Amino acid sequence: MAARPYVTGQGTFDNSTTTGVLEYESSSLFKSMTKKSKTPLFKPTLPPLNDTARATSFAKRFRSLASEQYPANVPKNIDKHLFFTVGLGTNPCPQNHTCQGPNGSMFSASVNNVSFALPTTALLQAHFTGQSDGVYSPYFPYYPIHPFNYTGNPPNNTNGISNATNLVVLPFNTNVELILQDTSILGAESHPLHLHGYNFFVVGQGFGNYDAVNDPAKFNLIDPVERNTIGVPSGGWVAIRFRADNPGVWFMHCHLEIHTSWGLKMAWLVLDGELPSQKLLPPPSDLPKC
């Protein structure tokens, strides 16, 4: 077996290819039939690292084991519609520093124009103790602060990224639909977004700007694949749905570590439900202190 990563950013991977050999122990009859012949090793020709068309065609064929008769448990009645842009950008270079971004700027990355700032107090601890003031804000934007042609010519000013610790707050059992839209600022790239604490259904994807009028009619609500990580298409969008039934604070971030370090991450705060089994457990008595 052979596999190769798919990546659109420069310098993220080298020409990595991983291979493995599987050997099966078979019956004595099969062994006697095959011991005189030796099958030549078939070496597949793998696509280039940045073959977006091949990677997209491959991923779009993924389906769950559900069917028309037994459809997947995809949330149908949506309580929260959210639209997040994900992509790169820049911030001014701090004084007395040397930065490697365009025109001496500092590389940054953001979700809905907000680059996540790491807090000094743990988010879950601040929420559980009710001492969130000065740690995080519960007002993460549901839609882009400054809408633009996301996959067309980028705006002239890309230095408008804010640095903040903002969370999306959801009541328990909220049905969420989230559109993740790639942007062309500093070049379109595929961003593998990972959500902690949940699986979600991938109900749609496409290239260009998401069309809120026409694209939902094409969503797969019968047998979509269920995942916890999805690649936002380079120069495109992906639609996911999930039910927020796991209380706590959960990160969502790009799985390219350099982008995460630049701030391409955010967090969800899911509140407690009414039943004891729907409430956040207290920390164990032997929890190590930070």
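This is a predicted model: local features need pLDDT of at least 70, side-chain atom pairs count only at pLDDT 80 or more; totals for chains, interfaces and linings use all residues.
1. A word to start with: two residues are in contact when they have heavy atoms within 4.5 Å of each other.

2. Which residues does Val114 touch, once its neighbours within four places in sequence are left aside? The partners are Phe140, Pro141, Ile145, Ser162, Ala164, Asn166 and Gly263. Take Asn166 as one of them: Val114 and Asn166 are 52 residues apart in sequence, and their C-alpha atoms are 8.1 Å apart in space.

3. Is Val114 buried or exposed? Val114, a residue of strand β5, has a relative accessible area of 3%. Buried means under 20%, so Val114 is buried.

4. Next, look at Asn113, in the loop between β4 and β5. Asn113 has a relative accessibility of 23%. For background, most residues other than glycine have a negative phi.

5. Asn103 also has a positive phi, near 55°, and is likewise a residue other than glycine. You can find Asn103 in the loop between β3 (80-91) and β4 (106-111). Is Asn103 buried or exposed? The relative accessibility of Asn103 is 86%; exposed means over 50%, and therefore Asn103 counts as exposed.

6. Leaving aside neighbours within four places in sequence, Met252 is in contact with Phe84, Leu178, Leu180, Leu193, His194, Leu195, Lys265, Met266 and Trp268.

7. Finally, the largest pocket. How much space lies in it? About 1,200 Å³. The lining of this pocket has 47 residues, and Ala55, Thr56, Ala59, Phe62 and Arg227 lie nearest the centre. The elements that give two or more residues to this lining are β1 (2-3), α2 (52-59), β9 (191-195), β10 (200-207) and β12 (229-232). By type, the lining residues divide into 25 nonpolar, 14 polar and eight charged.

Technical notes. Residues are numbered from 1 along each chain as its sequence is written. Side-chain values use heavy atoms; hydrogens and water are left out. Helices (H or I, at least four residues) and strands (E, at least two) are DSSP runs, numbered from the N terminus. Buried means under 20% relative accessible area, exposed over 50%, partly exposed in between (1.4 Å probe, protein chains only). On a 1 Å grid over the protein atoms alone, a cavity is a set of points where a 1.4 Å probe fits but cannot get out, and a pocket is an open set with protein on both sides within 12 Å along at least five of seven lines; lining residues have an atom within 4 Å of a point. Grid points are joined across faces, edges and corners, and a volume is the space filled by probe spheres set on the points. Ala, Val, Leu, Ile, Met, Phe, Trp, Tyr, Cys and Pro count as nonpolar, Asp, Glu, Lys and Arg as charged, and the others, Gly among them, as polar.
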